[in-house]
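The questions below go through one protein chain, from its overall fold to single residues.

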Amino acid sequence: MLIAIFGQSHSGSISIYWGQNSKEGTLADTSATGRFTYVNITFLGSFGNDQTPLLEVDDHCNPRTNGCTGLANDIRECQHKGVKVTLSIGGGIGPYYLTSTEDAKQVSQYLCVN
């Protein structure tokens, strides 16, 4: 009865944090297991304040050389399987904060290109 009132239940949905262990396989491999509804990519650890944003994903790829562009294909593969992909931005501590609209545009441009 409560489901009729509040809409669809998402109980049983499983999420995983991906990107901090090179032995975990690729992002596409993770979504292909069929075990997860959500994959949260780790993480954009530095950005803003006129510094170059940096995606931190262990040894999966090297963002300093634009080596993470292949993640776009993996994200599309996950989405094709119905897995929702998110990005963790920031963390417990780190050199990140936005100082202006231009700063925010730089971060969004980095995310779209890399």
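**Loops, strands and core of a predicted model**

Q: In which loop does N66 lie, and is N66 buried, exposed or partly exposed?
A: N66 lies in the loop between β3 and α3, and this is a predicted model, as are all the features discussed here. The relative accessible area of N66 is 46%, and since buried means under 20% and exposed over 50%, with partly exposed in between, N66 counts as partly exposed.

Q: Which loop holds D58, and what is its relative accessible area?
A: Phi of D58 is near 50°, a positive value in a residue other than glycine. D58 lies in the loop between β3 (54-55) and α3. D58 is partly exposed, and its relative accessible area is 39%.

Q: What pattern of helices and strands does the protein chain follow along the sequence?
A: The protein chain contains four helices and four strands. Read from one end of the sequence to the other, their order gives the pattern α-β-α-β-β-α-β-α.

Q: In which sense do β1 and β2 pair, and what is the handedness of the crossover that links them?
A: Strand β1 (residues 15-18) and strand β2 (residues 38-46) pair over four bridges in the parallel sense, with S15 standing opposite Y38 in β2. The chain crosses from β1 to β2 through helix α2 (residues 27-32), and this β-α-β crossover is right-handed.

Q: Which residues stand opposite L44 in β4 and in β3?
A: β2 pairs with strand β4 (residues 84-89) in the parallel sense over five bridges, whereas two bridges join β2 to β3, and these strands run antiparallel. L44 stands opposite I89 in β4, and in β3 the residue opposite L44 is L55.

Q: How many of the nine residues of β2 are buried?
A: Across the protein chain of 114 residues, 30% count as buried. β2 is mostly covered, and the number of its nine residues that are buried is eight.

Q: Which element gives the most residues to the largest nonpolar core?
A: The largest nonpolar core has 16 residues, and those with the most contacts inside it include W18, L55 and C68. The elements that give two or more residues to this core are β2, α3 (71-80) and α4 (101-113). With three residues, the element that gives the most is β2.

Q: Which residue in β2 stands opposite W18?
A: W18 is one of the residues with the most contacts inside the largest nonpolar core. Not counting residues up to four places away in sequence, W18 touches, among others, L27, V39, V57 and L71. The residue in β2 that stands opposite W18 is I41.

Q: Which two residues does the disulfide join, and what is its handedness?
A: The count comes to one disulfide, which joins C61 to C68 with an S to S distance of 1.9 Å, and both of these residues are buried. The torsion about the S-S bond of C61 and C68 is about 95°, so the disulfide is right-handed.

Q: Which backbone oxygen does the side chain of S31 reach?
A: S31 lies in helix α2 and is buried, with a relative accessible area of 3%. Not counting residues up to four places away in sequence, S31 touches E77, C78, K81 and V83, and of these C78 is itself buried, with a relative accessible area of 0%. The side chain of S31 reaches, at 3.1 Å, the backbone oxygen of A28.

Q: What distance separates the C-alpha atoms of T52 and V107?
A: T52 has its place in the loop between β2 and β3, and at 62% relative accessibility T52 counts as exposed. Leaving aside neighbours within four places in sequence, T52 is in contact with S46 and Q106. Although T52 and V107 are 55 residues apart along the chain, their C-alpha atoms are separated by 8.1 Å.

Conventions: Residues numbered from 1 in each chain as written. Predicted model: local features only at pLDDT ≥ 70, side-chain atom pairs only at ≥ 80, totals over all residues. Heavy atoms only, no water. Pairing = 2+ DSSP bridges. Right-handed = clockwise from strand over helix to strand, strands pointing away. Buried < 20%, exposed > 50% of the residue type's maximum accessible area, 1.4 Å probe, protein only. Polar contact = N/O pair within 3.5 Å; in protein donor to acceptor, adjacent residues only side chain to side chain. Contact = heavy atoms within 4.5 Å. Disulfide = S-S within 2.5 Å. Core = buried A, V, L, I, M, F, W, Y, C linked by side-chain atoms within 4.5 Å.
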